[in-house]
Amino acid sequence: MIDVVLADEEATLALGARLGHACRKEGAIIFLLGTLGTGKTTLARGILQALGHKGTVKSPTYTLVEPYILNQQQIYHFDLYRLTDPQELEFMGIQDYFTPGAIILIEWPERALSWLPPPDLQISLGYLGIGSRSARLEAKTERGQHLLHPIS
């Protein structure tokens with residue numbers, strides 16, 4: 001487990017960049033936990049930019065998932081905040097997204113835990129004070145341990 005102080009948005013993007021570089025080779029399932037405004041989408045943006053994304057990164061709150069293919073790597077950014085029934089995930093074929101080597105970023109995973117595979121990393125974001133946040137990174141698998149090694 002690693003605790004990181006995120007003084008500002010740039011620090012959150014930088015952590016995301018380190019994570020993006022770390023999971024580039026193997027892929028990963030990453031759960032992003034935290035209340036509204038704690039930086040989940042900003043962290044996802046840092047990951048995506050490190051993997052080569054140049055455009056806007058917005059939370060896929062209404063579409064549930066935003067797919068990206070960057071340098072032949074599949075990345076799926078989920079936001080389950082507005083999920084009304086976890087069974088919706090089965091209807092959209094959620095299991096088809098969890099392919100070997102894919103990077104899966106899931107905001108609000110607690111809304112559908114029984115429908116999701118376990119994460120490699122769980123990142124809990126929270127407030128520390130005005131403008132600053134914290135991130136707790138927990139490896140949940142051996143792959144997650146490998147991903148944390150360059151972060152620590």
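Accessible areas here come from the Shrake-Rupley method with a 1.4 Å probe. With that in hand, I looked up the surface of this predicted model and noted that the chain exposes about 7,700 Å², of which carbon and sulfur atoms supply 52%.

Overall form. I took the box along the principal axes, and the C-alpha atoms fill roughly 40 × 30 × 30 Å.

Fold order. I found 4 helices and 7 strands in the chain, and reading along the sequence I wrote down the pattern β-α-β-α-β-β-α-β-β-β-α. Among contacts between residues at least 6 apart in sequence, 65% join residues at least 24 apart.

Charges. I located the mean positions of the 13 positive and 16 negative charges of the chain, and these lie 6 Å apart.

Helix H2. How many of the 11 residues of H2 are buried? I counted 8 in this helix, which spans residues 40–50 and is mostly covered; among them are Leu43, Ile47 and Leu48, and Lys40 is also on the buried list. I next checked what the buried residues of H2 pack against, and the partners are helix H1 (9–23) together with strands S2 (28–33), S3 (65–70), S4 (73–79), S5 (103–107) and S6 (121–129). Past the helix I looked at the backbone and recorded that H2 is followed by Gly52, whose phi is positive, near 110°.

Technical notes:
Residues numbered from 1 in each chain as written. Predicted model: local features only at pLDDT ≥ 70, side-chain atom pairs only at ≥ 80, totals over all residues. Heavy atoms only, no water. Helix = DSSP H or I, 4+ residues; strand = E, 2+ residues; numbered from the N terminus. Contact = heavy atoms within 4.5 Å. Lys, Arg positive; Asp, Glu negative; His and termini not counted. Charge placed at Lys NZ, Arg CZ, Asp CG, Glu CD. Buried < 20%, exposed > 50% of the residue type's maximum accessible area, 1.4 Å probe, protein only.
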